[in-house]
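Student: Please take a close look at one part of this model for me. I would like the helix packing first, then whatever else deserves a mention.

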Amino acid sequence: MSVTDIAFEAQAAEAVPEQAIEGRSQLQLTWRRLRHDRMAIASVVVILVMAVLALLAPLFASLTGHGVDQPFTNTGLTADGIPVPPGTNGFILGSDYIGRDLLIRILYGARLSLFVGITTTLIATVAGVTIGLVAGYFGGWVDSVLARFIDAVLAFPVVVLALALAAVFGASLPIVLGVISFFSWAGISRIVRGQTLSLKEKEYIEAARSLGAAPLRIMFVDILPNLIGPVLVLATLYIPNAIVFEATLSFLGIGIPAPTADWGSILSEAQNYYQVSWWYVVFPAAALLVTTLAFNLLGDGIRDALDPRTERLFAAGRKSRRRRRREGPAIALAAPAGGSEA
Amino acid sequence: MALARFLVRRVLTGILVLWLVATGTFFLFFARPVLVVARGLAGRAASPQVIQQVIRDLGLDQPLMVQYGHFLNRLFLHLDFGYSYYNGESVKTIIAQDIPITASVVVGGVVLWLIVGLSVGIISATRPRSLFDRVSTVGVLAGLSAPTFVIGELLIIAIFVPLNQHGFSWIQTGYYPLSQGVIPWMGHMILPWVTLATVQAAVYTRLSRGSLIDTLGEDYIRTARAKGLSERRVVFRHGVRAALTPVVSQLGVDIGGLLGGVVVVEQVFGLSGLGQDSVQAIATGNLPVIIGFVIVAAAFVVVANIVVDMCYALLDPRVRLT
Amino acid sequence: MSGPLSAVPADGGGSGELLRVENLVKYFPVRSTGMVRRTIGQVQAVDGVSLTIGRGQTLGLVGETGCGKSTLARCIAGLIPVTSGTVTFEGHDITNLPRRAMRPFRREIQMIFQDPYGSLNPRRRVGAIIGDPFAIHKTATGNERKRAVQELMERVGLNPEHYNRFPAEFSGGQRQRIGVARALALRPKLIICDEPVSALDVSIQAQVLNLLADLQDDFGLSYLFIAHDLEVVRHVSDSVIVMYLGRIAEAGPKDPVYDTPRHPYTAALLSASPAADPESAASRQRIILTGDVPSPINPPSGCRFHPRCPKAQELCSQSVPELEPKSGGEPTHLTACHYPVQAGEILASTGRREPV
């Protein structure tokens, strides 16, 4: 991040007027802290760039004149029928095994990856939060049944079942979305259920019941706002999971069927060419890694920003502990959160 | 005795789980039109006569519940998974051939990932904010973000290809039976192990680091320090033992994911174990093999979970075996 | 445990009666842990309590922690199901009503909670919290609701401009005012105050108590006022109930109960409460109870107080004393004791020791 960026940030921080009347919500406070986390901001930038590139994929395709599924057997392959290296014949990142433009395929792959990642995470979050709330709030046999179900899904060999489903129904986008969503909600449910179990004992829940609030209202108006933090973190961390999951399914040949451009299937095709065409593996792998890493870093950043005590205290680590020992009880929480922390 | 009662109960629930999986699998595959099922069992290229033969031999024309009874009977009483239509081999034989390969991957991978994950986590926790801690934190996130097959392919490009080009041929892909030599076996398995370990160790590094840092902040650790124990003793005798509990419970959660990792690793490194064969069975629509593998996978998860729970109880005296 | 029970002043028996609780029993099952959760015992939290509250009256409920007073409050408010007995509000039996049937009565019976921190949702703005009753009962929306909320805030002494703040931005006393505003929103007839000032500083306590008194005058509210502080209860109540281990020990109009306590437990409690006047404090006979409150899972036989009672006799461990007027007292002053304290009697300063 450049000096001007930092200066701009400082200015922005000053520009916020002192709010005397309006209280600051948890999200506002979180955002203020997140803004000073350079790693998280960099991740947001990476994700946005990736999203813009993905949206503009057709533009790149028309600029280069290379359609996404269009093989160029003359310009895109060497005389021996091997992919051409980056920068050859207008193939910026080289070509693939039948002479398609690798860059265009990676960009279209980004569309698919981001779409699958975000869609399945949305489905899984809505389902996971609802099921977790219901299990935790109602308790009793409802909870017993749902909790067992959650545990069963969590313990299930995911890929094995995905294989079985693909065998029965054949691979397709809806099946992929379904499988990934189905295996993602349970983790969210487990966290939400646990939190709900403790939250429902709070007096303000009793207060809502004494006002005559219906269970649905209590779950979504009174309990849910208290869960937004952890759910937000989980959801951010589930997006890269889903992207990896989707790519893995494609890699195994049970994902979205060819010729759809997809990072997993590009890497699967590249398997036979790693001796001769390094770019065929390295560029799609890099796209996949950069995207998932950015989401993971952002998730970590949000987690830190939501609860400035946990990680930051760890990060404050030795130095501040030593200081505390020497100076007596210093205010550990005020230890400046090292901006360079990953 | 508590342990025996616990074991009996867990084995019984395990059998229940297996029955549920078998039932689910059965209905998933067989509760469909007879012809579809028969084609799945006989292969896509089967002639109408063969299909009729299969329908008659396997009793696919009988009511579903009768078939279900036969299915359970064959499965649990005779351990008979049927025959691969592909080459007529018994699925039991295929599984028996595949198990040493898959076991090699799993055991070595788990050992490596625990060693790496725990030691990096412990070192990071005892030196928070050090260079080592920072580097490992970034490495952990990279490991968490990377799909197994990407790591595998990158390892092949970065290690296997250059080494072999320079005539150093110990590291290989494919499988080499353990019985024919430990050193070449390790040479063939080392990349799959590193791949599995890289992906999974990340989780354990992060977990053991966080948990150990929490534990080291506890009052009883301060007491241990105050009474003059050496730092090494404090960390290992008092800290690590308590910090291991979440690690072990995570192990239970990860067993399902481990199978997925194994499938991918076998695919990347050309190991024809259970994982690769099941992917192939899917590609060819080889139903008997798929069903057999699903049930073996479920059995593995059940057994591994029992083992993990027992470790858990041994590690944490507060956990009662109920 | 039946009989003429009333904590209502003599004039309040008929049309003046707002709430009647008869023989209310609440047992919580104690379950074993494990797969099959067998019921292995019962916590006898409330065991046969009867009371009435008159319109515009305040009934004080005192007792030690764990005597069942909060459970009783939650049973009356319909927050937890009752094991047996009845709760009657304005002649309607509201015992264990399903949620929908209970809804109209929710508007009439409101609650103020003990913990000013736990009783306000930290993630919601104060305006939304106080506006909840309107939203739930769909009585006001949009700007109308906002205006109503701001009026309420003003009424309980909060700055209406703080409408958009979060509970964390208020002090303990202000938070309790928010709780009062929320309870007041639907213009209830009865407010159950579950230790409303116990968590507050003494200086703040008086402010909140005065607010409650003002509101009572303005809106004709009835209060069921629960506290463990005897002086607070004396200050606010018209009549008083003393509870011990799930049962009523003594009940009646405030003055006779405080001036001439007949139950040894009441006498002990009163002797232990600090007096403002040091001279009377010095001359006062201090009754020190020994031992802890027994477990409500396995309460003592007969009179539940007998293991700690300085006057306990053989009979006390065998038969449960009726809650009834004692000779020489007012007919509305009820005591559940076989050997009630007589005027001028000096109780032994230590309780009977359990034979070891």
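**Helix packing in chain A**

Tutor: This is a predicted model. In chain A, helix α5 (residues 102-138) packs against helix α8 (residues 173-199). The angle between them is about 35 degrees, and their axes lie 6 Å apart. Those two values matter here because two packed helices are described by the angle between their axes and the distance between the axes. The crossing of α5(A) past α8(A) is right-handed. The residues of this contact split into 18 nonpolar, 11 polar and 1 charged.

Now the contact between chains C and A. Chain C supplies 27 residues and chain A supplies 19 residues. On the side of chain C that touches chain A, the elements giving two or more residues are α2, β6 (109-112) and α3 (126-137) of chain C. The largest share comes from α3(C), with 4 residues. By type, this side of chain C holds 9 nonpolar, 7 polar and 11 charged residues.

Two backbone details in chain C remain. Most residues other than glycine have a negative phi. Asn96(C) is not a glycine, yet its phi is positive, about 50 degrees. Asn96(C) sits in the loop between β5 (92-93) and α2 (99-108) of chain C. Asn96(C) counts as partly exposed because 16 other C-beta atoms lie within 10 Å. Arg187(C), also a residue other than glycine, has a positive phi near 50 degrees. Its loop runs between α5 (172-184) and β7 (190-194) of chain C. With 13 other C-beta atoms within 10 Å, Arg187(C) is partly exposed; the cut-off for exposed is 12 or fewer.

Technical notes:
Residues numbered from 1 in each chain as written. Chains lettered and ligands numbered in written order. Predicted model: local features only at pLDDT ≥ 70, side-chain atom pairs only at ≥ 80, totals over all residues. Axes fitted to C-alpha atoms, helices over the stretch in contact; angles between N-to-C directions. Left-handed = near helix turned anticlockwise from the far one by under 90°. Nonpolar A, V, L, I, M, F, W, Y, C, P; charged D, E, K, R; others polar. Buried ≥ 20, exposed ≤ 12 C-beta atoms within 10 Å, placed from the backbone. Contact = placed C-beta atoms within 7 Å.
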